[in-house]
Amino acid sequence: MLFSILLMESVMLAQEPGNESIKLPETDTVYDIKNVNLYPSDSISADTLLVKQKRKKSTSLDAEVKYSSKDSMIFSIGEKKLFLYKTAKVNYGEIELTADYVEFDMSDKTVLATGVKDSAGVDVGKPVFTQGSETFESDALRYNFESKKGLISHVVTQQGEGFLHSDLTKRMENGHVHVQGGKYTTCDAEHPHFYLGFTKAISIPEDKIVTGPSYMVLADVPLPIGLPFGFFPNTNTRASGLIFPTYGEEQARGFYLRNGGWYFPLGPYVDLRILADVYSLGSWGGTLQSNYKRRYKFNGNFNFRYYNNQVSSNPNYPASKDYSLRWSHSQDPKANPTRTFSANVNISSTSYNKNNSTSMSSYLNNTQSSSISYSKKWPGSPFNFVASMNHSQNNRNKTVSLNFPKAALTMNRIYPLRSKKSTGEYKWYENISTGYTANFDNRINVYESSLFTPEVLDSMDMGFKHSIPVSTNFKVLNFLNISPSVTYNGVLYKESIRRYASGLASGASEVVTDTIRRMQYGHSVSPSISIGATPKIYGMFLSKRSESYIAAVRHVISPSASFSFVPDMRGIMPNYYDTVYTQSATDPDKINYEVYSYFEDRIFGTPSANGKSASLSLSLGNNLEMKVRPRNDTTGEMKKVAILENFNFSTSYQPFKDSIKWNDIGVTGGTKIFNKKVDLRFGSTLSPYAINEAGTKINKSYYSQTGKLARITRASINMGMSFRSGAAKGTEDETLPEDGMSAFNTDQEMEMLGEDPYYEPTSGYYYGDYVDFNIPWSFRMDYSWSYTKNIKKTITHSVRLSGDFSLTPKWKIGMNSGYDIVAHKITTTNINIHRDLHCWEMRFTMVPFGPRKSYSFTINAKSSLLRDLKLDKKGSWYDNF
């Protein structure tokens, strides 16, 4: 039943004054309305809810009041009151109030709502007040629609990440909330596990909460920890503020204050943190961090760190000046369908990880790489453009490689002789295609010490190349693919070389290389033809016994052969090769010669070949699998099981080379067994040629030297086993959460776990390892063996074990360790223990031995709002115990 307030007023005016009432049909339900005192004599007066009589009398509200109830309604004409029973609802503008008992006083435009007791004496139908996005439940509520003030008894409201509990609350017309007798917590339990208790407070929605004297209560036990006042931010907007540092002591740099500074919100899309580290022995460091995001456009983060480390008495910690730059940028796919830009930059000084990283994985990492790319497509056109910058560095040998700038313009393959109206199979000439590719690249390979010096300009390998291929393909005998082609190649370099012989005092001569530093363009037209075949051979074994577990075994052999030929174009195209002759130092009558290219070792090579060339590529693939009958399944449906997923051989032969015409033979294989729980991979490289004392291949077969068919230069076996129990009862999802994050609340904790602690300010979470309590246990073993030999033999042989198990639904224990079989020692080991305490968590991590010996014990509140509410005890390789 739904009425308007205007109809109700007209009914009342039609009645005689008195205590008469209009009563709707009653039911057998008995209501026990609680006596709720919303007006304590020593606090807030009921008159504060009423509009002062001196104000001009208002006869109507700003909006229509709508009301309904499930059980009954009672109109009291004399008192000008409306009583609603059972699932009562009152709507006024954006305000909605529901309760099992509602009393609406039309004379002062106030409403009183409470719950009722059911037959078992349990409170039901408590008032639920909703205004816009704000919703809360209370024991009792009185609200004035005209003054927009209200009194609320025993209410819990969510304020940002926290929850505000109050005994008595007064809501002011400006939205401010005055609280008498309350507590603040980030625990969402009905009876919170911890809270800050206070006698009075003021909450300003979407701004802040300010309390009077407060004290800490943990598990209903008041702690002797008090504060003269409390201040809790409660806003979605950002504001500048101080970032308090952490303190401690290091073995190498002394006492410290770390990560202290200031936070700046730079508009609605960007923020900035300026942090500093100071050490008592003279070292210092600074950090700039920025996060930016624009919805449906792009997002990213930037982090730059610089450390000036002073030498200490410990020789393991030398003086150094280190830097680190990290930048990540990604574009939303919806931002622009034809243009993309992305960046993933990780550049640092080669000694940064060793001297400044507190992360185990960063300390052990010896390589870093970066990439920045831009791409552009033109709809309706075959052209695409890509520009990029790439970086890689090796921290062990201190070398840095850069590709910058690097750009490519490509035209997708087109078929100019195809008709848009053609049907059926294409004729041979309709398969003629062409395209275009233009590349510009600049490579730099230097040692870190020379990176910002003029030597970089001398080491630049810069070049331009463009190609226009014209090709077609057709089949002969349904299995032979023939592909003739003609390709125009052109290259442009800033320098070329010439070589000549220079005489020595001994009468011998040596080769001298002269670099000609001027632009030179080279080009060629290269016809070629390739012929290839890839047949398949099947072998099948069928079991004759119907009760046999193995029903069939199938062997698939995939041989492949391809031959390519490029004719000699010398005399037709420009020649970019020359020969230099030298006299032997040991035999004066012997003349040595060397053929070289003017563009030798250039970034795109020489555009033409020196004479004719050809290559024959051979490979043989094998796949072995079987079908088995179910042992316990009555459906009779057979299952496919792989015995060998692949077992492949490959090599190539170049008939027009002067020597060493065969390339090495590659062998690879792998399979998954035990219901794909065990992954086995193996491989090797075999050389048919012998080597000299310097380890260089010579044109002599290994068989003629040793009587063995081939020389093993490399071999490896890798095996991984992964087992886990089923998901916990009542759960099915065994994957990571969508955000891939977990609530780690300390930088040191994340570093100890081998993760970089990049804090996400909006969620309060750190990116890192995910603790999955749905899996009672998991176990993984990785075995690795590798062999390499040229002159000296090198063998690596190791086993790595990792696993975890849930001791209880809230306890997770994990371990990661390994053993170096060659060195006969245990590799890096760590132990992790995690306890979920609902709104708190406990974590213990330990590296029990080795150069990174450390431990960390933390109990902390999960919420980012109270991230400093923690007990933290640690001792690590970089901090004094």
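**Close-up 1. Pairing of strands β59 and β60 in the predicted model.** Phe 857 has Lys 873 of β60 as its bridge partner. The two strands, β59 and β60 (residues 870-875), run antiparallel and are joined over six bridges. This view, like those that follow, is taken from a predicted model.

**Close-up 2. The hairpin of β58 and β59.** Strand β58 spans residues 840-847 and strand β59 spans residues 854-861; their pairing is antiparallel and extends over eight bridges. Within this pairing, Asn 860 in β59 stands opposite Glu 841. Six residues lie between the strands of the hairpin, and Gly 850 adopts a positive phi near 100°. In a regular strand, side chains alternate between the two faces of the sheet.

**Close-up 3. The aromatic pair of Tyr 581 and Tyr 593.** Across the whole structure, a search finds 22 aromatic pairs. One of them is formed by Tyr 581 and Tyr 593, with a centre-to-centre distance of 6.3 Å and 40° between the planes. The pair is classed as tilted, because stacked rings have planes under 30 degrees apart and edge-to-face rings over 60. Tyr 581 belongs to strand β40 (residues 577-583) and Tyr 593 to strand β41 (residues 591-597), so the pair ties together parts that are twelve residues apart in sequence. Tyr 581 and Tyr 593 are both exposed.

**Close-up 4. An aromatic cluster that includes Tyr 92.** Two tyrosines, Tyr 92 and Tyr 143, belong to one aromatic cluster.

**Close-up 5. Arg 418 over the rings of Tyr 415 and Tyr 426.** Arg 418 lies over the face of Tyr 415, at 3.7 Å from the ring centre. Arg 418 also lies over the face of Tyr 426, again at 3.7 Å from the ring centre.

**Close-up 6. A nonpolar patch on the surface.** The patch is formed by Trp 777, Phe 779, Leu 801, Phe 805, Leu 807 and Met 815, which together have about 530 Å² of accessible area. Strands β53 (777-789) and β54 (793-808) each contribute at least two residues to the patch. The largest share, three residues, comes from β54. Leu 801 is found in strand β54. The relative accessibility of Leu 801 is 31%, so this residue counts as partly exposed; the limits of that class are 20% and 50%.

Terms used. Residues numbered from 1 in each chain as written. Predicted model: local features only at pLDDT ≥ 70, side-chain atom pairs only at ≥ 80, totals over all residues. Heavy atoms only, no water. Pairing = 2+ DSSP bridges. Helix = DSSP H or I, 4+ residues; strand = E, 2+ residues; numbered from the N terminus. Phe/Tyr/Trp six-rings, centres within 6.5 Å; stacked < 30°, edge-to-face > 60°. Buried < 20%, exposed > 50% of the residue type's maximum accessible area, 1.4 Å probe, protein only. Lys NZ or Arg CZ within 6 Å of the ring centre and 35° of its normal. Patch = residues over 30% accessible without salt bridge, like charges linked within 9 Å, V, L, I, M, F, W, Y side chains within 5 Å. Areas by Shrake-Rupley, 256 points an atom, 1.4 Å probe, with all protein chains shown as cover. Salt bridge = Lys/Arg side-chain N within 4 Å of Asp/Glu carboxyl O.
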